[in-house]
Amino acid sequence: MLPVISLSTSVTANVNLTRPASSSSHKPRRVSIPTFSSALKSLSKSGKLDEAVQLIESSDFKASDSDAYELFLHACISRRSLQHGQRFYLQLLLAETDSKRLLLKNPVLRSKLITLYSVCGRVDEARRVFEDDVGEEAVDESVWVAMGIGFLRNGDAERALGLYGEMLERFVVPGNFALSMALKACALLRRLEVGKALHAQIVKCEEKPDQVVYNALLKLYSDCGAFDEVMKVFDEMPERNVASWNSLIVGFVARDQLAEALNVFRMMQRKGMTFSWVTLTSILPVCSRMTALYTGREVHAQILKSSVPPDVPVMNSVLDMYAKCGAMEYCIKVFDNMQIKDLTSWNTVLGGYAMSGRMLEGVELFHEMVSSGVNPDDVTFITLLSGCSHSGLTDIGQQLFDAMEPEYGISPVQEHYACLVDILGRAGRIEEAISVVKTMPMKPSGSVWGSLLNSSRLHNCVTIGEFAAKHLFELEPLNPGNYVILSNLYANARMWEGVKMVRELMERRGVKKEAGCSWIQTKNGIRTFVAGGDHKLRNSAEYVKLLAQLTEAMEKDGYAPNTSVVLHDVDERLKNLWVCGHSERIATVFALINTGSTMPIRIAKNLRVCVDCHSWMKSISRITERTIILRDTNHFHYFKGGTCSCQDYWLERMSTDYIKHCANPNS
């Protein structure tokens, strides 16, 4: 057995190995033993931190090996290995050589030590590393930035911004890294004025701002709601990356300018910009709210093409988009193909069934969910109860409510009681609904009284409606919906003085009714229509001609306008004109002109569809042989061949004989 020969790792040994005479023609080979620096780098890259730190502890520190120490600390940061970094720092503190002092003052090493402590949540220890010798001499900007980012990483934007001010007091000239750090702190703190002051510094700096600084400015102005400044910065940027575009999209969404957000996404596509997960998860909720199914499908395609598999929250956003665009078959297909599902996944599909009026399937899915071991939560039951209410499943809804606490351990809250009141009220069981309001274990909220008021409107129970409205006007004095429902109740009962009284009350309180509008997605983007508006379109020869043809065909089909939906005391001619100006009708005629004859027409509306427009849509779907999918504030209506998926349930509630003897609310 040969003895083991130990050589210092800082020595390169040249060993000549000579073969026997028969092989003497071969040249001698040189064998190199790695230096300390190369050995430490190799161990750090391979993640062998125990061996790396042992090598450090058994060797003398040399300033020339700083790049190897940097790589070691980088490995510690990547693996969140605090103990190895602490052992290295301790060795630095214990060493008593000039090299040690140089290494301790090395800004890159200090920055990495600060970063290591901060990523491990030890921000106070990071601060101690930062303050080592800070009072004796100028500290490099990179060290200040590392400490500032450490504060931000640990949720302390106030200290990060204070550190930037301290840095300026010590006459450290801020570079792009420091400026972007301070801007991020201002964005988190919503300190718009301080951010503007930083922007002024950036303009005055000799160093031109880089992409990171521009993006930090965009985020600052976007988070602070200063969208004019967002647009100015975006327009001035010499280059834009995906983060820049994301900030613009998020800014539009924050201002509720959803069509503009979709347009920005389209611009990104045209310019060939690569999308990030932030882009896709920001635009999917926009597609959901705007029922922009075609854009949503494009986003889904981008997700499927990604080399990185999407996580559950991303796929839940896809589910939500399909559900809220009324494309339940796509939603169910995505759901069935998901390998991992959480409670939100199940709740999202349940919500889709509820909005689409397919609650028997929704209840079946609920039982499947429970059988698979997923426990429902309060959101699950709000979704189920709301869906049962709008689908007329009164008994099933009552059974689900009664089972919440004994079977699933979920105590009903205000929203559940509001749904139960709505279930009973829509079914005409007003006395039972009032009993629920009186006996519920907590003081009724606005949602509970709102359900009772709406039920009173459906069944023309003026006394009950006035009683509910009185409570609502105290709880929600600025909610225009409550005033509108009461006004509708009075108008249905031909109590025009009551209508006048409500309007005067709204005027005194400065409450304005939301204007009815509808929108559709075309190949050119989102087109919005306002009730009584779009005069240029409605006066165009093509629109007038098609509407005349439709009107004639509908009269032959048996359609007759129901002007009772016009809640004003005016003559029939004017009522007919107002009904024809409802936004969903304008959108439908526009779609018939501008879309292919076999394409479904998808319309979204911000208010509830009225009785007459519902009948009009049914007739249009029959005479044009087009499928019309209309989403109002509550759920989807699928019009096909003269019928609607809602089976006219809510219309029946509105058209039944008025209940003449309403329950006395004080009994």
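Which residues of helix 21 are buried? The legends below take up this question and others for a predicted model.

**View 1. The buried residues of helix 21.** Helix 21 buries Met359, Gly362, Val363, Leu365, Phe366 and Met369. These residues cover an arc of only 160 degrees around the axis, so they sit on the same side of helix 21. An α-helix has 3.6 residues a turn, so residues three or four places apart point the same way. On the other side of helix 21 are the exposed residues Leu360, Glu364 and Ser371.

**View 2. The span of helix 21.** Helix 21 covers residues 359–371, which is 13 residues.

View 3. Three helices each supply at least two lining residues: helix 17 (293–305), helix 18 (312–324) and helix 19 (328–337). By class, ten lining residues are nonpolar, three are polar and three are charged.

View 4. Residues 140–174 are 74% helix and 0% strand, with end C-alpha atoms 10 Å apart. Residues 210–244 are also 74% helix and 0% strand. In that span the end C-alpha atoms lie 12 Å apart.

Conventions. Residues numbered from 1 in each chain as written. Predicted model: local features only at pLDDT ≥ 70, side-chain atom pairs only at ≥ 80, totals over all residues. Heavy atoms only, no water. Helix = DSSP H or I, 4+ residues; strand = E, 2+ residues; numbered from the N terminus. Nonpolar A, V, L, I, M, F, W, Y, C, P; charged D, E, K, R; others polar. Expected span 1.5 Å × (residues − 1). Buried < 20%, exposed > 50% of the residue type's maximum accessible area, 1.4 Å probe, protein only. Arc of directions from axis to C-beta.
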